[in-house]
Every structure is written in C-alpha cells, then in structure tokens.
Amino acid sequence: MNIKLVKRLTKADFVTHGGTFHADDVFSTIFLSKLHNKLKLIRLINVENLDISNKLVYDIGFGKFDHHQSNFDKKRKNGIKYASFGLLWKEFGKEYLNSLNLTDINYLSEYIDKEFVQQIDAIDNGQFPEVTSKYPLKNLDSLIANFNPLWDEKKDYDSCFLKACYFADNIFEREIKSAISKYQAKLLVEKEVEKQNGPILILDNYLPYKEGILNNDNPKASKIKFVITPSNRGGYGIHTIVKSLQTKETRLDFPSSWGGLQNEALQKETGVKTAIFCHKNLFLATTKTKEDAILLANLAIERGKEEGLC
C-alpha cells in the first residue's frame, strides 16, 4: 500500500478530511493509491482559505469529488446518490481498469460500480437498505468505522486511518479480482450456452453461471432449467436456476418428494443408482456420476411437465 500521510499541505498531492473516517473516504484513498505510484495525503479538518488548487481534493471542500454541498444532486439512474468514492470511480474507474490491460472496460466499470461502489455511496449518503433482522447486521461502513479510536482509547486518528486503509486495501483488491473473474466466467458460460441445446447446461468445470445465463440475450439461455457441474465434494451437482438475479424463486425446483433425502432413500425414490442428496429446499441435488446427474435433472423436468410447472 503506497499511502504516505503528511502533516504539511505543501508536501501533499491529495487532500481529504481529518478526524472520524468512514468507508467512503477510506476506499476513495485506496482507489487513488492504485492509480498513483505514491499517494502523499494530508487529512485536514477544514480547507477554507487554503490554496488547494493544485491538489486532488475529495470528501471535503465542496469540489468535484465532494458530495456534501447543499445543492449536490448527482445520482445514478437507480436513485443511488454519489458519494466521493462513486465520483472518483466514475471519473477514473475506466482508466484504472484499462491499466490492468482488460477488455470490455465499460461493462466492468458499471458492474463494479453496481456490485461494490454503490453500497458504500448509498450508506454514506444515508440510503440504508430496508432490511429487518433480529440481530445487528454489519456492512463495510460499520467495519471501517470500527477502526476509529474508541472513546476510551488514546490513539491518533491518522494512524487508525492507515490501519483502516490496510484493511480496505485487501477488500478492494479482492472485489476487483472477483469482478474480473465473474466476467470471464460469464463469457465462458455464454459460449457453453451457445454450444448446447435443451433445458440442461453441463459445465466441465464449476463456474459462476448466473450472469452468463440470466444476463444473456441468447434464446437458448431462457430455456435452461438446471446446470450440472463437478462438485468440490466429489461427484456432480445439479443446480436450479433462479428467475432473475434479484430473486430466489427458481425456474423449476426439484420435486418436493425428493427434499431432504439422501443416498438409499433418494435412490429408491428416483430410481437413480448414484443419487446422493437433494436439499430440503429443493435447489440442489448431487450424484456420483455425470450420467446420473443428467438422468436426475431429466426426471425433475419430466415431473415438472406433468405438474404443469414447465
């Protein structure tokens, strides 16, 4: 991590606010550190009447990369307001992805914004998710906030800020790698969808398959009911397909009579010799062989047709 905190404005190339920090300014700092060989940063409580014209200033100062001014109204089409991280990603995200020698920069930039940046922006702007829970739910904002000095600790805010940055650096790196990996998987799944026919998609290796099926204009993709992949526990897994990325409702469940059955009980119920398991919630089944996985999936489809479900 190439971040150096300085105490004098003349030594700084970047400026953000001092005192209590949040996920927005921490991840903004991490992102900027990926774009520059060394981030010479000063954290200030106030920048009024200071010459910051030759600095990149964010989350303070009411400039291009601040969102605290009263007339600030920049938001995405889905209504999520921009915070500093989002403003910086919008300005420099494609430049950063291009530096990684990636293709389809526009898709990846939007995907990372949707899957990662927007959460941080929304919470920083007070747009909290409508979730009810019997226990407290942690998010990136609360995890980063925990690095701030506690009321009974005598710690320096800047040193705590750096610790939060080290923590956030790993998350940022993993989020970017995950997005790139999922995109590559999407392309591979799209190729497999094109090659195969019918309601069962068979993959020789496990891949994240949802994007490649659900965000796919190929008519073949809309007909897929099950995906078969090798299981990391041995054998093969048969996976149901949700109707969209926003729901858990599936295109077709396994028959309810299979739910929770294992080994001999499932084999007796289905007549499939190497059937191992069917999840009680009917979204996953496993077999020892690929051939039996195909057989089990076809049985589920036939049952679905009989019951008018497909």
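Which backbone nitrogen does the side chain of T287 reach at 3.2 Å? The backbone nitrogen is that of A293. Welcome to a short tour of a predicted model, in which local features need pLDDT of at least 70, side-chain atom pairs count only at pLDDT 80 or more, and totals for chains, interfaces and linings use all residues. Residues are numbered from 1 along each chain as its sequence is written, and side-chain values use heavy atoms, with hydrogens and water left out.

**Around T287**

- T287 sits in strand β9 (residues 284-287); strands are DSSP runs of E with at least two residues, and helices are runs of H or I with at least four, numbered from the N terminus.
- With 0% relative accessibility, T287 counts as buried (under 20% relative accessible area, 1.4 Å probe, protein chains only).
- The T287 side chain also reaches the backbone oxygen of T289, at 2.8 Å.
- Leaving aside neighbours within four places in sequence, T287 is in contact (heavy atoms within 4.5 Å) with residues including Y236, I276, D292 and L296.

**Helices α1 and α5**

- Two packed helices are described by the angle between their axes and the distance between the axes.
- Here the axes of α1 (residues 23-35) and α5 (residues 157-195) come within 9 Å and cross at roughly 65 degrees; axes are lines fitted to C-alpha atoms over the stretch in contact, with angles from 0 to 180 degrees between N-to-C directions.
- The two helices are therefore roughly perpendicular to each other (65 to 115 degrees).
- Among the residues making the contact are F27 and F31 of α1 and F161 and F172 of α5.
- The contact residues divide into 10 nonpolar, 1 polar and 4 charged, with Asp, Glu, Lys and Arg counted as charged.

Key:
Parallel < 35°, antiparallel > 145°, perpendicular 65-115°, else oblique. Buried < 20%, exposed > 50% of the residue type's maximum accessible area, 1.4 Å probe, protein only. Polar contact = N/O pair within 3.5 Å; in protein donor to acceptor, adjacent residues only side chain to side chain.
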